Every structure is written in C-alpha cells, then in structure tokens.
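Biologist: I would like to learn how to read a structure like this one. Could we go through it feature by feature?

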Amino acid sequence: MIIAEITESYFLEIRSRAEALKGQCEYLLTHEYASEAPKNLAKAFVEMACFFQMAALSIYKDMESDLADSPQDIEKSIQQLRTLDNDIALIGQHVQFINSARSQRVPWSIIPAFEHFANKILCDNDNGLDIMFCPLWEYNYQIYTTDFRGFYLQLLQKYQHFPGIDIDIEKDVLTSLKRPFYVIRFPSLERLNIRLHANIGHELGHKATSTFFTSQRKNEFIDSIHGDINDFVSRQYTQITPISRLSILKEHLGSSVEIWHRALDEILCDIVSCILFGPAAIFSMFDFAIKDKLDHMPNKDVGFYPPWRYRLRMAIEALEKYCGNYFPLKKELKARGKSTDTIHKVEEYYDFIKTLTGLPNVDELIKHDELTKLVYDKLPAWIDNGVDFLLNTKGLRNHLLTATELFENLPYLIERLENGIIPNAKEENINCRASASFAEIINSAWFYWLSKQEPVFSEDGSFNDEVYKARVRMNNLSLKAIEYSQLEQRYREKFGAAKEVTGNEYL
Amino acid sequence: MSVVTHREILDLMDASKIADITNRLIITPLLDPKNDIGPISVDLRLGHQFIIFQRHYFSHLDIGIYESEGEPAENYQKRLIRRQGEGFVIHPNQYVIGSTLEYIQIPPRYMGYVVGKSTWGRMGLIIATATKVDPGFKGCITLEIVNDGEVPIILYPGVPIAQIVLHKTDGKERAKSSYQHATGPQFPKFKNRTDDWQYWTGQNRE
C-alpha cells in the first residue's frame, strides 16, 4: 500500500513538473523574439511536455499492473520514472535559452543577420540549420556544438515503445524543429557592443572544426609524438619499473593529446574568425584577451586552454598568410573621411598587438614544461593542416575576407560613421549603391573607433562623457547597419535589383 | 522657401555633385527608389519599434517632475518590437510612438516636413504630430501615430506610411536636436530643459 502511495505521489510530481514546463513555455510564447528560433524551441518544449506526461502515465499504468508482482519489477518502473523525471528537469534547464532570447535581451535588430550568416558558414548541405542566439551572464561567448534537435529526438525515443504511446516523434512532437538546431551565446553585458561580436566567428569555428578531430588524426598526432614522449619519460624516470614507466608514458600521451586538441581547436577557431572578419577578428580577440593574463601554462588547471599571447600570434600569422596584405594599410583608406589619422592609428594598434604577441614570455613559460613544449613545437604544422581542412574541406575559402575585398567599401563606411551616418552601404547616387556585408560593417566600426579623435579624459582630468556618447552612437549606427544590410538583402532576393531611376519620371 | 522636386532630390543624393557627405541628402535604405521618390516627396516606411504608454503604472504625466526625480522614462513607457510580417494593432484613440524605417540626413540649407500618406489618412490614421525636421538632422524620424478612426488598424513594419517633403532654406543652419542619431523611436527627453520647465511649472519656487 505504501509503495502504491509513493509511486502515485511520484507520478503526480512528475506530471506537475511536465505541466510546469508546458506552462512556462506557453507563457514564453506570448513574448517577442528577434527570430523564429526561440519560438520554435518553445513550441517543441510544449509538445515534449505533453509527451512526457503520456510517458509518465504509461510507466505508471505499467507499474500499477506490476504492483502485485516482484519488487524488482516495481524498482524497474520507478527507475523509468526517475529517468523521465531527470529528462524533464534537463529540458527545464534549456528553457533558460528561450527566456534569455527575448527581444529586449538580445541585440534584436541583428539577430536575423547573425542567424543568416551563421547558417551560411556552418551548413554543409542545402537543408540549412537553425541557430539561436541568446545571452549568457558569464562573460564569455559559447557555442553548443551538439545538435539540439538530434539530442531531443534521441532523448524522446527512449519512451516511444512504451504501451499506449503511438506517436511519430519527429512529426508530432518535434514538429517545430525541422532542421538541426544549435545555440550560440554571447556575454549579456556586451549585448550592444558590435565590435566584440566578431568573436562569434570563433564560436562558429568550433562547429566547423568539430569534424577535424577524428580518431585518425588523433592517432597521427600520437604516432608523431610517441617517440619524443618515450625519450622524455626514460630521461625523467630512471628508477622505476617497466610497468610503471608504461603507465606514466600512457598518462603523458593522454595529457599531450588533451594539450594538442585544446590548443589546436582554439587556434583554428581564432583563424576561422580571421577568415570571416579579417582585422576585426584580431582586434576583438585582443579586446577579450586584455581582460585576462596573456601568458599562462596550458595545463589541467585551465582546461589546457592555450595562452592568449600564443593564440594572438598564431591568428596574426594566419591573417597575414591567408587573407592577404591588410597591413600596412592602403592609402585609399585615407582618401575619404575627415580623419587623416585613420591609417596611422589603426596601424599603430595592430603593430602594438603584433609586437606584444611576439614577445617571448609565453615561450619561456612553455619551455619550463617539456611535455607542453613537445606538443607546442608540433602545433604549427597541425595548424597548417587544420586551415587547409577549413578552407577546402569545409568550404570556408568561399567566405575568406581578403584585404582587397574589404578595402573596396571600407573607406566609405568609415566616412559615414565619422559623420553620424549608418554604415550600411556605399551610396554614390540613387542608382549606384553597394550594400555592406556583416564583416565590412564590423570592420568599419573597429577602424572608426581606433582612429577616433576624442580623448578619454578632459583637460581637467575628468572623464570625457562625449567619448562614451560617441561609443554608444557607433554601436547603435553599426547595429542598425547590419539590420539594414540584412533587410535589403532579403528584399532584393524577393524583388530583384532596384529599378533604375532616370530623373525623368515626372517630367 | 521652395519645395524640392524629384530631380533635385536625386541631385542632393549624388556624391558626384555633392562631394562633402555632410551636405548630401541621405535616406537609407531606399528599397524601391523608383516608387519611393515622388515628384516632390520621398515615401518613408514604418520601422520595427514602437513605444507605448504603460498607463497602469502612473496616474498622469507632469512635465514639471517628469524624469527630474530620477525616474527613468522607461517607467512610463514600454518599447515593443515587431518583426517583418508581424502586425501592431492600434486601436481607436490609441497613441503610439513609432519611427521611420529609414535613417535620414537632411542637408544644411534644407528642412523637411513629414506628412501622412493619404491612404492611411483615409483610414483615420494620423502619422506625425511634430512634423518639422531641421536642417542637418540625422536619424530615424520619430512618428507620433494616432488612430483617429473608428476601427482598429494593423500597422506592419516596412509598409510606406509617411512622406517627407523637403524645402530649401534661405540660410545655412544645422540642427542640435537631442534626438540626433536616433536609430528608432525616442522616449521624450525633457532633461535638457529641466530648469526652464520647472520654472514655468512652479516646481523650483524658492
């Protein structure tokens, strides 16, 4: 009798949690979102909550008939309820993505452009994929490289064969999620900081590099480093038994793979950002890096993350190697715009970062740990290998932002920002206009900002509020530019090129 | 003060004729210039953002104390966003602040008047109550929209809703508007004139 009451009560709690999940998602569906992605996820959760209720009922009914049976059968059914309960709790955690994606909490005007851009970069086929952008209170950018739709499908399929459940999960439950679904997060505090959003290129990189790290490549790496690590272990541990030596060798090989994987992954993602955004990628990386120590040992304590100085160095090398000659900047940049310091200041900033990343501090640090040094010595060759994979196998060559391309419209966009005009296009006259790309707009914001004239402090030493206002204005204008650019692109896809205006229309 | 015509509008937007960008007329993005530029006006589309009053949060608006006691304007008003294809229902007698989709720069020596389009007018919709746009203004123009008709009307972002008529001025002046560089509808800003307002409303009587 007690068992019956306990299970009944547990069933009620599970059903209530599923109901709460449904209720919260229905409530969230009444809010505004910058794109359909959060709404589609909320709709899927509503259906999933109903499905969970059916599954709970099925398990309970099965349990009811088992109550007269063995305790093992009851235990099995309780275990099933527990699994279901955990799944509901897990989906409950995912509701935070929807809640945080409400229009007021994201840079709403550029979310469709972000989604479109990410789709173009990440999708390997014609079917497309869905990407949802939402803020993160932790100060970081983040991508979940797992396909959420695939994950939910797998999770729900566990219950598909239960008695009384006759449902096609893909058709009836995940109706609103038709394509692979990914989530990218950005630091909430930087919602409107357009320059920093070049870091999204890095997150897209994680998805692009995920298929690079095959077991074959991992084994290749192990083969290439095995001898060196064996020598190192032999030198370091002379007084141990062969079995202990083997165990240490295995442990070191494991660590070296972790150091290699993490370093290579992060560096390749930085390079993806450079491929997509050119110099803006370096500037936004540096903006992020400056908040942290530039040098640290890439050990277990820091999750084997490579040091910033090394990452920036590799990114700059890749930018110069693959994207063409951005620096020294072309004189044409000076030709437009009132600021003759544009070239000088941007170049000075780039050179500063390059000099800083060239300092040997990080090399000295790495040198102290022989295992790390062995791995890092092998990285440059692997980086070349990885970039080749990204450009050719993943097709990023089609998205490579070259200096020639960028500098064609950039002076016009900078000129517009300098004059308080949205940098959404180069507009020569009513019939001659070129809409700016996402990358061009972010670069124009960076170039404008780095060449700004206003001092941060006034003569009396107080903070110059005008600089802050200029920063807000630049962000607003650039965000609007991305919105316009996307809007115009979609309009043109629908209606074709704008009809020529002759000037004689009303004569 | 003459009205600027179609051909002059095109010239004002032409970089080969006006090299200095600050002297150029900018209306961007002009999605359908052939239809958007009329004989003496340019059509303006409705933007995606709206500001509505949160009437349930306050008893009245008093310009004498508005914002002066540290209350942000957001307490009185709420910003809403409608995506393409999503309608905004404006009920009879309802007032809402919207803005043009386009970002506009009026050259010095020119000014503009924003007027409604007759199609909307016939439905009872009043587009702009503060219609003057100063020389040198840059930004999305805020529209004060009122449904003066008898039935609710659905507004869709992107739809042409207003038009700007440009006039040449006799002298060269530039605006110093507190709404300069707006990229959407703006909350009212009284702060710049707090002392003046308070003087006239008797708030700082000593």
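Biologist: What does the accessible surface of chain B come to, and what percentage of it belongs to carbon and sulfur atoms?

Modeller: The accessible surface of chain B comes to about 10,000 Å². Carbon and sulfur atoms hold 50% of that surface. Keep in mind that this is a predicted model.

Biologist: How should I read the confidence of a prediction, and what is the mean pLDDT of chain B?

Modeller: Where pLDDT is low, the predicted coordinates should not be read in detail. For chain B the mean pLDDT is 88, and 89% of its residues reach 70 or more. For the complex, the predictor gives an ipTM of 0.92 and a pTM of 0.92.

Biologist: How many helices and strands does chain B have?

Modeller: Chain B has 4 helices and 12 strands. Of its 206 residues, 53% are buried. Take the contacts in chain B with a separation of 6 or more: 80% of them are between residues 24 or more positions apart.

Biologist: Now the interface. What area is buried between chain A and chain B?

Modeller: The size of an interface is often given as the accessible area lost when the parts come together. Here the area buried between chain A and chain B is about 3,500 Å², and carbon and sulfur atoms give 57% of it. On the side of chain A, W108(A), I430(A) and Y506(A) supply 17% of the area buried against chain B, more than any other three residues. In terms of contacts, 42 residues of chain A touch 40 residues of chain B.

Biologist: How many salt bridges are counted between chain A and chain B?

Modeller: The count is 4. A salt bridge also joins the side chains of R82(B) and E32(A), with an N to O distance of 2.5 Å.

Definitions and conventions
Residues numbered from 1 in each chain as written. Chains lettered and ligands numbered in written order. Heavy atoms only, no water. Helix = DSSP H or I, 4+ residues; strand = E, 2+ residues; numbered from the N terminus. Buried < 20%, exposed > 50% of the residue type's maximum accessible area, 1.4 Å probe, protein only. Contact = heavy atoms within 4.5 Å. Areas by Shrake-Rupley, 256 points an atom, 1.4 Å probe, with all protein chains shown as cover. pLDDT = per-residue confidence, 0-100. Buried area = accessible area lost by both parts, 1.4 Å probe.
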